[in-house]
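Please examine the arrangement of the chains and side chains shown below. The paragraphs that follow proceed from a single contact to the whole.

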Number of protein chains: 2
Amino acid sequence: MIDNSFVLRGGIAYSENINGIVTYYRGYLVCVDGICKGAFVNLPDKYKGLKLYDYGERLIIPGMTDLHVHAPQYTFRGIGMDAELLEWLSTYTFPEEAKYSDMDYAIKSYNYFSEDLRRCFTTRAVVFATMHNEATIELMNQLEKTGVITYVGKVNMDRNGGEGLQEASAAESINATKEWLAAIEGKYVNTNPILTPRFIPSCSNELMKGLGQLSKDRGLRIQSHLSENPSEVAWVKELVPESTSYANAYEIFDTMGTIQQPTIMAHCVYSGDEEISILKKHGAYVAHCADSNMNLTSGIAPIRKFLEAGINVGLGTDVAAGSSMNMLKTMFITLQASKMYYRLVDSNVKPLTFEEVFYLATAGGGSYFGKVGSFKDGYDFDAVVIDDSKMHSMRDMSIRERIERMVYNDADAIIKDKFVKGKKVYTRME
Amino acid sequence: MIDNSFVLRGGIAYSENINGIVTYYRGYLVCVDGICKGAFVNLPDKYKGLKLYDYGERLIIPGMTDLHVHAPQYTFRGIGMDAELLEWLSTYTFPEEAKYSDMDYAIKSYNYFSEDLRRCFTTRAVVFATMHNEATIELMNQLEKTGVITYVGKVNMDRNGGEGLQEASAAESINATKEWLAAIEGKYVNTNPILTPRFIPSCSNELMKGLGQLSKDRGLRIQSHLSENPSEVAWVKELVPESTSYANAYEIFDTMGTIQQPTIMAHCVYSGDEEISILKKHGAYVAHCADSNMNLTSGIAPIRKFLEAGINVGLGTDVAAGSSMNMLKTMFITLQASKMYYRLVDSNVKPLTFEEVFYLATAGGGSYFGKVGSFKDGYDFDAVVIDDSKMHSMRDMSIRERIERMVYNDADAIIKDKFVKGKKVYTRME
């Protein structure tokens, strides 16, 4: 593909809204200058001059948005999973992140992360790096080459980081952040900076306030963690005794963002009514990380309550507390988690439907990036072509059924091609 | 490999008991006449004459036992997963199983199942077929060729099966069972019959009693389902009003088995104190199917309570309510489910540890087949050789860490070779 205007043909599925999945068997999907012009049963005449790529029986779905992933944790995913959050951080995570002062280490490790990100269902991601400027810039350099569109945060932490993973003071952390921003200014097309206070236990009041101010001054978005684990929630209450909730603590420091400049809060497992109203008021995004929340015995976030309150929700893999960057697996676990919330916690909160979870993984999280995550006219052309022929079937399956089946069998859904804004960023070698 | 006496070298991991995993880095694993002679740091002199196969950095673990899987459901796995049990059975499962009166259909579908079973981590399985004798025999013929050792049941159901999936009477069902047993007598080495009343809603009192008697007369084991879903539990109470619990209903019909001839009961999500004592008294096996129980919004079984009561427990994939035959995925979901039981249901019931779940998947379920599922001296030599090199790491990982990591990343654990009783039944073509 030389230019980014073309037509793809195949089994198309996407969300127009949260209530349904639109499908086309052997439909046409049009991309003009990197923008989707819609899906069609019959190709409109005006697009007949475009080059057609026929994918036959393969599936074509929107690229997915991973709203929360920790790049430096990728290479140790899947170990230490019998621990809960605070023990896991101090035993596994913080010692690992401390290694990113070593650039040889960072280059090699971030290459594993970036290459696997390029090959997975994700076309947009919001990424935590570490507190190290040089390694964070290396990560951004590598991500820029993948073609995946990202926000990346140099992490801020001036307390409770332990040996080798703590900035000396709030002022030093703010200065380092400004240096990082200066070093990358104008450097990337696809890779954007985002302010990243790790979470309140890692950031002094002064640092939090400084980041809130910097966000306002520079028009920069913020990402952080909120109400993930009972011990963490209790700790935040001790650290910011004047707060009425964990979310209110972020509010006090002016880091909850605005509708125009939304903050992403990962987890929100223990977000009650007050936090729901704070998240809503600020137009924040909840990055729902069900895999992580089950692995670290955190609990299950009440996603339907957030949706009913009109809060923006997307999905995050949260590697390495999440086990994998595969968004299909994250969708699968999101469905299981929401069924268990209904069954075990509150039978008034109905399980998320497959349609709803498909929406969250694509257009829900995608909206953080603008018109992203759908094949409606005017959306960025992010698409993944999938070969599901390894899963034999005895019946004629609808596109809807095949989409569901591949989510429940992520290992057998093979990505053939991946497009971001109409540019092919990955193709599988046979 | 011509004979079944040899030595394998690699990264070895297995359970000697439920509390720990024994590991050897570049250890030796000895097989003599299909029986394991143990794992060793240094190869004992007496085994130095045996042919050595060096697997280098690859992992070697015991084959796994899938205590509960429905062969005819395999090809529609992963669809209809927004439904609960009874709706899922009537909408998807029963109409599908009715098709197995057609032998062309059965031959093709069971070939997909058998070939994928041969290629997965499972070396022992306990399988539901359908009510059709001819198709069940076809399944057994195919399974015999895979080398995997199985129990297979022609399903009994004389009520509530709907169109095309119901035997005309208890007597007809019992007669068909006897004909099936006569047709396969002495036919197989690896494939054993098991009596299979689907569950009480599918079997009249007369049929249940007849099967209890047949089990006693022929020395045949029984498998069924127990206390999976709240609506099902309520229905059984209506159907057998004299029973004090669902398990007691099975007891009334003499189908709960004995320590020498143990019954497998799948699920046991809603098994309270009375059912726990019944399961224990009869030496029954609980087939814990966490994936299925989350997918169908059934709930989470209190596995630690069963273990503390001394009940036999193994894991089942329960395809197609379970999404996959991959036992690593089942282990992963078992861990997540048990963490959520602790967090959301009862904080006195601690989550299962990784060591415990590894044991359940190997030696726990394996014990149903005898000395199976460990590399202790005298156990059947069932082993799986795994290449996990696709998962890059920045640290030197212990064998224990690599075993945990592959469970949390099942898609990237590639099976190279699989042995059952010392016979290689599968080898991956590069």
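R77(B) lies over the face of Y74(B), 4.0 Å from the ring centre. In chain A, the charged end of R77(A) sits over the ring of Y74(A), also 4.0 Å from its centre. A charge counts as sitting over a ring if NZ of Lys or CZ of Arg is within 6 Å of the ring centre and within 35 degrees of the ring normal. The model is predicted: local features need pLDDT of at least 70, side-chain atom pairs count only at pLDDT 80 or more, and totals for chains, interfaces and linings use all residues. Side-chain values use heavy atoms, without hydrogens and water.

Y74(A) is also among the contacts of F113(A), which include V69(A), L139(A) and M325(A) when neighbours within four places in sequence are left aside; contact means heavy atoms within 4.5 Å. F113(A) and F113(B) have the most contacts inside the largest nonpolar core, which has 264 residues. Such a core is a set of buried Ala, Val, Leu, Ile, Met, Phe, Trp, Tyr and Cys residues joined through side-chain atoms within 4.5 Å, where buried means under 20% relative accessible area (1.4 Å probe, protein chains only).

How are chain A and chain B related? Chain A can be laid on chain B by a turn of 180° and a shift of 0.0 Å along the axis, with an RMSD of 0.0 Å; the superposition is by least squares on the C-alpha atoms of residues with pLDDT of at least 70 in both. This is the relation of a two-fold axis. Of the residues of chain A, A411(A) comes closest to the rotation axis, at 2.5 Å (C-alpha).

How values were computed:
Residues numbered from 1 in each chain as written. Chains lettered and ligands numbered in written order. Buried < 20%, exposed > 50% of the residue type's maximum accessible area, 1.4 Å probe, protein only.
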